[in-house]
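Let's take a walk through a protein model together.

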Amino acid sequence: MHSNSGDREQRPDCIVFSNASVKRGERLIWQHGDFSIPAGSVTAIVGTNGTGKTTMMKTELGLLPLAGGTVHVLGRPAGEMNRQIGYVPQSYTSDIDSNLTAEQSVLLGLTGTRFGVHFVTKAQRAKVKEAMTFTGIADKAHYRLSELSGGLRQRVAIAQALVCDPKLLMLDEPLANLDLASQRAVVHVLARLNKELGMTIQVVAHDLNMLLPILTGAVYLLDGHPHYAAMNDVLDSKLLTHLYGTKVQVVTTPQGDMFVTPTPDEADDVVPDTHDTSEVAQFHHHEYHERKGRAQ
Ligand SMILES: Nc1ncnc2c1ncn2[C@@H]1O[C@H](COP(=O)(O)OP(=O)(O)OP(=O)(O)O)[C@@H](O)[C@H]1O
Ligand SMILES: [Mg+2]
């Protein structure tokens with residue numbers, strides 16, 4: 001596989017930011033991006049609206065120039081390895097031509113143009129079927145996108161990004177506007193892509209809860225800087241304060257997964273299990289180490 005810097009990590013780095021900054025027009029969107037994301041990881045990109053999450057993905061694809069520093073992806077400067085990257089843009093499912101069938105739109109991931117649909121090889125058709133089977137939509141091949149639910153359309157979009165066998169899959173808000181069951185289905189697909197195929201995954205998300213079981217780290221866009229933290233450090237109290245304010249609510253499932261939600265303002269009648277962010281960070285560290293211990 002590609003190799004890179006790699007003394008610190010057992011795995012080669014997939015994405016490396018070195019003092020990277022980006023402008024749109026005259027405005028600096030973020031700066032001092034300095035981190036490495038290992039291959040085989042599942043990373044969330046988190047931040048409030050307009051902080052530059054989509055900008056970050058476009059930078060990694062070489063679609064936006066850097067104002068300073070460097071970004072390397074799969075061992076090369078951003079933009080050079082795009083053939084090995086699958087990308088599901090934000091709101092893609094509502095933008096794509098909904099007269100296409102699911103199969104035709106997955107095929108676009110191979111041909112890159114809808115005019116290629118007349119010259120489909122057997123091998124291409126097999127690849128399309130494989131990607132649709134993986135995402136659980138093989139039986140929807142001949143449905144038009146307009147006939148599919150948002151959740152199924154999102155899986156079509158993922159199949160389209162997958163069909164060229166990428167090493168890195170980038171999804172911009174793939175869970176937006178999906179109901180819980182559809183969100184779970186998408187997360188399940190991502191989990192399998194990561195575990196079974198070893199794909200490196202990057203996901204923009206506003207709510208980490210759904211992704212927590214599969215995340216290995218997160219990039220937080222705060223104060224005009226991207227901060228990367230591996231998962232055992234993610235629930236650092238300072239970051240939690242930034243993300244959720246001073247109090248957060250903690251829910252621990254029987255499996256030991258911890259979920260974090262902002263404390264609802266209006267909860268007068270019940271006493272929620274709320275904690276200061278520093279306490280929550282402590283809980284998480286205990287939980288993490290206990291779980292690690294148990295797994296051995
Ligand atoms: N084409 C553009 N030209 C100039 N500025 C832009 C352009 N697109 C976005 N911006 C600005 O860049 C900043 C970052 O936008 P970006 O879309 O990356 O944010 P985001 O974190 O993905 O937001 P959202 O959560 O709304 O998707 C925003 O302030 C936005 O106004
Ligand atoms: Mg965005």
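Predicted model: local features only at pLDDT ≥ 70, side-chain atom pairs only at ≥ 80, totals over all residues.

**A guided tour**

Which residues surround ligand 1? They are R24, G25, I29, G47, N49, G50, T51, G52, K53, T54, T55 and Q90. Sorted by class, this shell has 9 polar residues, 2 charged ones and 1 nonpolar one.

Now let's look at the sheets. Strands of a sheet pair through backbone hydrogen bonds, and they can do this either parallel or antiparallel. In this model, 6 strands form an open sheet with mixed pairing, in the order β6-β7-β8-β3-β9-β10.

To see one pairing in detail, find β7 and strand β8 (residues 200-204), which pair in the parallel sense over 5 bridges. Along this pair, M170 stands opposite Q202 in β8. Helix α1 touches β3 (42-46), β7, β8, β9 (217-222) and β10, and its direction makes about 150 degrees with that of β7. Helix α6 touches β3, β7 and β8, and its direction makes about 155 degrees with that of β8.

There is also an open sheet of 4 strands, in the order β2-β1-β4-β5, with antiparallel pairing. Here β2 (27-38) and β5 (76-77) stand at the edges; each has a single partner strand, so one side of each is left without a neighbour in the sheet. Strand β1 (residues 13-24) and strand β4 (residues 68-73) run antiparallel and are joined by 5 bridges, with S21 standing opposite G68 in β4. Helix α1 packs on this sheet too. It touches β1, β2 and β4, and its direction makes about 120 degrees with that of β1.

Take L169 as an example: leaving aside its neighbours within four places in sequence, it is in contact with G86, A161, L162, L193, M199 and I201.

Is helix α3 (residues 102-111) mostly covered or mostly uncovered? It is mostly covered, as 7 of its 10 residues are buried. These are A102, E103, Q104, S105, V106, L107 and G109, and they pack against α4 (122-134) and α5. After α3 comes G112, whose phi is positive, near 75 degrees.

Finally, visit two loops. S91 is found between β6 (85-88) and α2 (92-95). Its phi is near 55 degrees, a positive value in a residue other than glycine. S91 counts as exposed because it has 12 C-beta neighbours inside 10 Å. N177 lies in the loop between β7 (168-172) and α6 (180-197), and its phi is near 65 degrees, again a positive value in a residue other than glycine. With 13 C-beta neighbours inside 10 Å, N177 counts as partly exposed.

Terms used. Residues numbered from 1 in each chain as written. Chains lettered and ligands numbered in written order. Contact = placed C-beta atoms within 7 Å. Buried ≥ 20, exposed ≤ 12 C-beta atoms within 10 Å, placed from the backbone. Near = placed C-beta within 6 Å. Nonpolar A, V, L, I, M, F, W, Y, C, P; charged D, E, K, R; others polar. Pairing = 2+ DSSP bridges. Axes fitted to C-alpha atoms, helices over the stretch in contact; angles between N-to-C directions.
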